[in-house]
Amino acid sequence: RIVYVNGEYLPEEEAKVSVFDRGFLFADGVYEVTSVLGGKLIDFAGHEARLRRSLNELSMPEPAAMGELLEIHRELVARNEIDEGLVYLQVTRGAPADRDFAFPGEEVPPTLVLFTQSKPGLADSPQARKGIKVISVEDIRWGRRDIKTVQLLYPSMGKMMAKKAGADDAWMVEDGFVTEGTSNNAYIVKNGKIITRNLGTEILHGITRAAVLRFAREAQMEVEERPFTIEEAQQADEAFFTSASAFVMPVVEIDGSVLGDGTPGPVSQRLREIYLDESRKVAV
Ligand code: PLP
């Protein structure tokens, strides 16, 4: 695999980052994940805009290559012959000469790394046809979940708790209400209405979420942005989650309680189709 590190395209074995990199020492970094369908990037502009916002919220300097991100993504997709898959972009506050809590000065440039994952069958996913099972776990993450940082330890633990319980993923709950999934935004459907948590610092402002809600409204579907509980989700007609890596993923079981007949519901399936069709049309 060819990866990008600070201006260079290199075989992954030759790519190196300093042991003093703040991403490694302090989880002082942000990232983005953009999906690739038919060799083209989905929702690229949204991911680029959110990256800029994440950097800004953390007073992290923009990498010198900020203006070339689309070209770098395309180059990696081409060099790695990605038809369906993902491009990961990671930015950290760079590698000062020594470990220190205080942010380094301007002389330390941010570290920029991009790599690809080939995922044949990302769009025509067997999991999406079957639906997935989630469990609920307490949300004990920090308070700025609207910034897409690389602090992914607790979401990883949530995923492991789900696996241990025989489920696929975890939905996190704070003060009795679902915040989001370990790596996705959570939704329920009741009497045709799509319900998903309103934006705030409690959740990541999903790029897929924004697109899916726009398509839903354009298709005259009713949308309500408000928090919901696990109990309400268990009583819902349908549930699903959205993310750049899973698009719209039907959820058929929540904490052991089966939704409807245990198969993906019509609204979830329709939204997945609309999202895939519409975003392919404007892919870059
Ligand atoms: N929420 C969290 C915590 C995430 O990590 C992600 C994606 O990785 C999402 C939501 C979905 O965001 P997006 O649709 O931009 O991928």
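Me: Into which domains is the protein chain divided?
Reply: This is a predicted model, where local features need pLDDT of at least 70, side-chain atom pairs count only at pLDDT 80 or more, and totals for chains, interfaces and linings use all residues. Residues are numbered from 1 along each chain as its sequence is written. The bounds come from an automatic or database domain assignment. On that basis the protein chain splits into domain 1 (2-118) and domain 2 (126-281).

Me: Which element gives the largest share of the side of domain 1 that touches domain 2?
Reply: Contact here takes C-beta atoms, placed from the backbone, within 7 Å, and 21 residues of domain 1 meet 14 residues of domain 2 that way. Helices (H or I, at least four residues) and strands (E, at least two) are DSSP runs, numbered from the N terminus. β3 (29-37), α2 (44-57) and β5 (85-92) each supply at least two residues of that side of domain 1. The largest share, eight residues, comes from β3.

Me: What is the bridge partner of Y31 in β5?
Reply: Strands pair if DSSP finds at least two bridges between them. Within β5, the partner of Y31 is Q90.

Me: How far apart are the end C-alpha atoms of helix α6?
Reply: The expected span of a helix is 1.5 Å times one less than its number of residues. For the 12 residues of α6 (residues 207-218), that should come to 16 Å, which agrees with the end C-alpha distance of 17 Å.

Key: Two residues are in contact if their C-beta atoms, placed from the backbone, lie within 7 Å.
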